[in-house]
Amino acid sequence: MKTLLINAHPDYQNNNSFSATLQEKFLDKYAARFSNDDLTILNLYATDIPRIEQDELLGIWKKQADNLPLTEAELALAKQSQALLEQFKEHHRIVIVSPLHNFNVTSRMKDYIDNILIARETFKYTENGSVGLMTDDYQVLLLLASGSIYTNQDRYTTLDFAPNYIRGIFQEIMGFDAFHLVRAQGTAVRSKEEILAETDATLNKAFSEFYH
């Protein structure tokens, strides 16, 4: 099963973060079951990700719509964006590793999504609204670390934007068959042992369903 693991942590080389621990636990399970030949790891903060800015994607899209020639720099950006899209579509299992930043995924993850959420590629517009095109057994697994706890049915529950955002983009818009979530939550208020015990149980279940 071809799997793309997207690490969205700015400090992706820091092995002491809870995000890194989640990734390591997933990779251990993956190695025990599959060949690493089918696994691709994309560190977003070590990759040039084109952004929606006037001198980047926005300018390129305007020129393409008007059939105007691109500069060499714009051609390079367009090629990089296309490569990210093609890589994404080639993998039927997407794993996102991310800390929570200001109640959502990191900014580089948003930039990445802007390169893969493309009309007529991963979804299309119809008279009845958008329809997902990623329907051939695509699934996404979000490994999310957060300082607070979002499952206690308190004020933080209504601020649980990150899982809802990823679920909405991948499942509701692009048409993924399933969304899975594993949390390492309460990292600022709970012991590491308590968090990881909870995480292990959740990951075991999610991994089994992810690769059913």
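**Helix packing and cores in a predicted model**

Me: At what angle do H3 and H4 pack in this predicted model?
Reply: Two packed helices are described by the angle between their axes and the distance between the axes. For H3 and H4, the axes lie 8 Å apart. The angle at which they pack is about 85 degrees.

Me: Is H3 roughly parallel or roughly perpendicular to H4?
Reply: An angle of 65 to 115 degrees counts as roughly perpendicular. The pair packs at about 85 degrees, so H3 is, relative to H4, roughly perpendicular.

Me: How many charged residues does the contact of H3 with H4 have?
Reply: On the H3 side stand Ser81, Leu84, Leu85 and Phe88, which meet Tyr112, Asn115 and Ile116 of H4. By class, five of the residues are nonpolar and two are polar. The number of charged residues is none.

Me: Which residues does phenylalanine 88 contact, leaving aside its neighbours within four places in sequence?
Reply: Phe88 is among the residues with the most contacts inside the largest nonpolar core, which has 30 residues. Helices H3, H4 and H5 are among the elements that each supply at least two residues of this core. The contacts of phenylalanine 88 are Leu4, Ile94, Tyr112, Ile116, Thr122, Met134, Phe170, Met174 and Phe176.

Me: What radius of gyration does the protein have, and what would a compact globule have?
Reply: The protein has six helices and seven strands, and its C-alpha trace spans about 60 × 40 × 35 Å along the principal axes. With 212 residues, a compact globule would have a radius near 17 Å. The protein agrees with this, at 18 Å.

Key. Residues are numbered from 1 along each chain as its sequence is written. This is a predicted model: local features need pLDDT of at least 70, side-chain atom pairs count only at pLDDT 80 or more; totals for chains, interfaces and linings use all residues. Side-chain values use heavy atoms; hydrogens and water are left out. A nonpolar core is a set of buried Ala, Val, Leu, Ile, Met, Phe, Trp, Tyr and Cys residues joined through side-chain atoms within 4.5 Å. Buried means under 20% relative accessible area, exposed over 50%, partly exposed in between (1.4 Å probe, protein chains only). Helices (H or I, at least four residues) and strands (E, at least two) are DSSP runs, numbered from the N terminus. Contact means heavy atoms within 4.5 Å. Axes are lines fitted to C-alpha atoms, for helices over the stretch in contact, and angles run from 0 to 180 degrees between N-to-C directions. Angles under 35 degrees count as roughly parallel, over 145 as roughly antiparallel, 65 to 115 as roughly perpendicular and the rest as oblique. Ala, Val, Leu, Ile, Met, Phe, Trp, Tyr, Cys and Pro count as nonpolar, Asp, Glu, Lys and Arg as charged, and the others, Gly among them, as polar. The radius of gyration is taken over C-alpha atoms; the globule rule is 2.2 Å times the number of residues to the power 0.38.
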